[in-house]
Amino acid sequence: MSKNAKFTETHFKRAEEALKTSNEWKKWRSDMASKSSGIISQNIFFRMLRKAQEVLQAQSTAKTRQVQNVFINIGTKVPKSGISNEEYAEGLKLFKPDLASIATDVNEENVRFCDMKTTWELKKSADQTYAQSQIQLSLLRCNQVFRDDPFRHFIYSIYVAGGTLRLYQLNRGQVLCYESGLNIEQNTLDFLRFVNWLMLASDDAQGLAKEPSAIGRRAISFTPAGCKIPSPLVRVGVDMVTTRGTTVWPVKMQKPKPKKKKSRKLQAKKDTENSPPEGDGVAALKMAWVYEARTSEADILGELSDIEELPKLFEWKDGPLTTEFDVLPEAKHSRQYLKMGPNYQYMEVTHTTSSVMANQTQNKEAEKGLFMPEVNETAAKSADKPSYTRRQRWYLEEYCGVSVDTTPHGLSQHQYPNPRDVTELERIKALRSAVRAIRKMFCRDRPIIHRDISPANIMVTSPDMLNGEGAPPPGRLIDLDMACVYGDPHSGAPWRTGTYLYMAINILMGEHSRHNPWHDIESVFWVLLFGELNRTTEGEKELKRIASAGASQLTEAEKGVGLASRKNLIVGTSWNAWMGGKRSRLFGKTSFPVIRLIHRLRVELFGFDERKEPDRLATLEDVAAAGKRTIGISVNYNAPRFTVPDEDIWEEAEEEVRKVETGIGELSLEEKIDKTGQDKSNNPANREDVEKSEKDLAIERLKEAVATISERIDGWFAECIDDLEKVK
């Protein structure tokens, strides 16, 4: 780069002089003292901002200094979204920012959320500089950009109150922001440096990322080709920052590249019996931002590769860590919690307190003389690193079909080979496959639980895949991001994982400290029940009331208790009405075999007493009569047949682990090696003649119970499927 291409301090001072003598600057200063409306002030600030860009650009004509991005005034326009949903379109009005920056080649009259490189929120009053509710809304609006562009790594949000500018960066793990703001009038040079940076910053410096062209040895292509943001099969909810951001696309995968003579690290682990066919075909590309410390889904699927009801993994790769997006890595952080999103989940906000400017870092953008606003104040509290580190992970998996989800307008639709509705029979077969997967995952040497059963994670296999020898099962259980070894003290959050509406009752109540296989099977029950409920107009209304139970509570724990209480009523006192007088209105589209199956599952999972002989239910009237019978309801799985291990067993085992880890941590390296050798020789697992521990025996009893009860449930599913096939 030639010297004259660099933007010097002299250039900035000339630009400052030109800006401060302009009519746009004078009108903006005058407006700060006036009582004009918000929209008028927004227009005045926008014209001043565009003037700042104009005077900066006038200082240099070098090609390397040409504008990459421009500012636009959103005004009353509603940007377009890649989500075609009439109800959602109304909500887009809430997510539009006041201003935004876009690439110069984007049509300003046809801007989409995915086109926005930065978003701006403007407030007339300086009193709102630290107004938490307004800042929260400003940050929430950035979520829509994430939602429309799932490939994106992070986004900058600029919040201006009066004459003070504050900069935020949102990524999948945290929110970085400056503790104090930049006074535009008093620090005009720094304001111009910041505008200059926004003008010239490259896409990757502003968090944009391109779609991948290969995962491991497999080249992939999105369908349809040429889309800027390919339409996903699965898209996460609005609250993007506090979730994994899981997104799934249908892709075409090509033949794998030949292996190198020397395989790279972990290649042997990946080259398992899950190797993809040699030809091209449709696959599912999954992207998620997961906690770095957690066991990857690739490892879990590798261990469970013998279970046909789970997806086959072809390739996988790691992406960046969220900590890599901190543009001021030397800064310390203080934490503050803000309520974000429609469910008011808590988001961690990390305040950056560094006066280091971007042109003093190793960032390649520094070559262009790009600056960030200077901050002089010190944070009240500090930490060495952010708490919520996530890593982007890509998985190329077998395409498993479509969700078992339902609406009043029908069931979900198959996409391949030709669009058609999923049938009730296919839905029941898929749910049966999910129960089988839960049993097979748990009843093995290392028992594993899923912990995130929901309609989105139970798939109906595509019809064209079910023909011929070696065909897959009619349903698959996918998304094992939250799966863990049962009772593993290092498996992350031991409880309250999953999708709220489908969580087991005592997980929502917080009464069970760790997830067990009965909770996963109960979630299948809720998927079945609520899915059938949602097939009618009256049922849809009832489901919305259920989902909103506890929504007015202040904390997540209280919300969980509210929803749990509502679900407890359903399987208890409300069951008579649901199976009797209200059945035709709530379940008018559900056939008798499915109604009978739902009732049997309710008695098995929530009835305290053992039912030796299942009810001979031949008609809907029989089910209604059975629903009237009073049974002892228990949602804690403390009935003898469930054999859930006592929590004291886990506490004792985990205490022993802590003692061993603490003791080894205090030893020298030589002592650690010696101690490890002794432990291996004394380990009961290495001595066949030593009896199993109390914990191991408890797990074996639980495996036996899961096998027995899930086989009984499987028989009910089989009977239901036989009856549906006879009708067909």
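Predicted model: local features only at pLDDT ≥ 70, side-chain atom pairs only at ≥ 80, totals over all residues.

## Helices H1 and H3

Let's start with helix H1, residues 9–20, and helix H3, residues 38–57. Their axes sit 9 Å apart, and the two helices pack at an angle of about 140°. H1 and H3 are therefore oblique to each other, and the crossing of H1 past H3 is right-handed.

Who does the touching? On the H1 side you'll find Phe 12, Ala 15, Ala 18 and Leu 19, and on the H3 side Met 48, Lys 51, Ala 52, Val 55 and Leu 56. Sorted by class, that contact has eight nonpolar residues, one charged and no polar ones.

## Helices H9 and H11

Further along, helix H9 (residues 424–442) pairs up with helix H11 (residues 517–533): the axes come within 10 Å and cross at roughly 170°. Because angles over 145 degrees count that way, H9 is roughly antiparallel to H11.

From H9, the contact residues are Glu 424, Arg 427, Ile 428, Leu 431, Ala 434, Val 435, Ile 438 and Phe 442; they meet Pro 517, Asp 520, Ile 521, Val 524, Val 527, Leu 528, Gly 531 and Glu 532 in H11. The class count here is 11 nonpolar, four charged and one polar.

## Thr 573 in its loop

Now for a single residue. Thr 573 is found in the loop between helix H13 (556–571) and helix H14 (575–579). Is Thr 573 buried or exposed? Its relative accessibility is 67%, so Thr 573 counts as exposed.

Thr 573 and Lys 628 are 55 residues apart along the chain, and 9.3 Å separates their C-alpha atoms.

Conventions:
Residues numbered from 1 in each chain as written. Heavy atoms only, no water. Axes fitted to C-alpha atoms, helices over the stretch in contact; angles between N-to-C directions. Helix = DSSP H or I, 4+ residues; strand = E, 2+ residues; numbered from the N terminus. Parallel < 35°, antiparallel > 145°, perpendicular 65-115°, else oblique. Contact = heavy atoms within 4.5 Å. Nonpolar A, V, L, I, M, F, W, Y, C, P; charged D, E, K, R; others polar. Buried < 20%, exposed > 50% of the residue type's maximum accessible area, 1.4 Å probe, protein only. Left-handed = near helix turned anticlockwise from the far one by under 90°.
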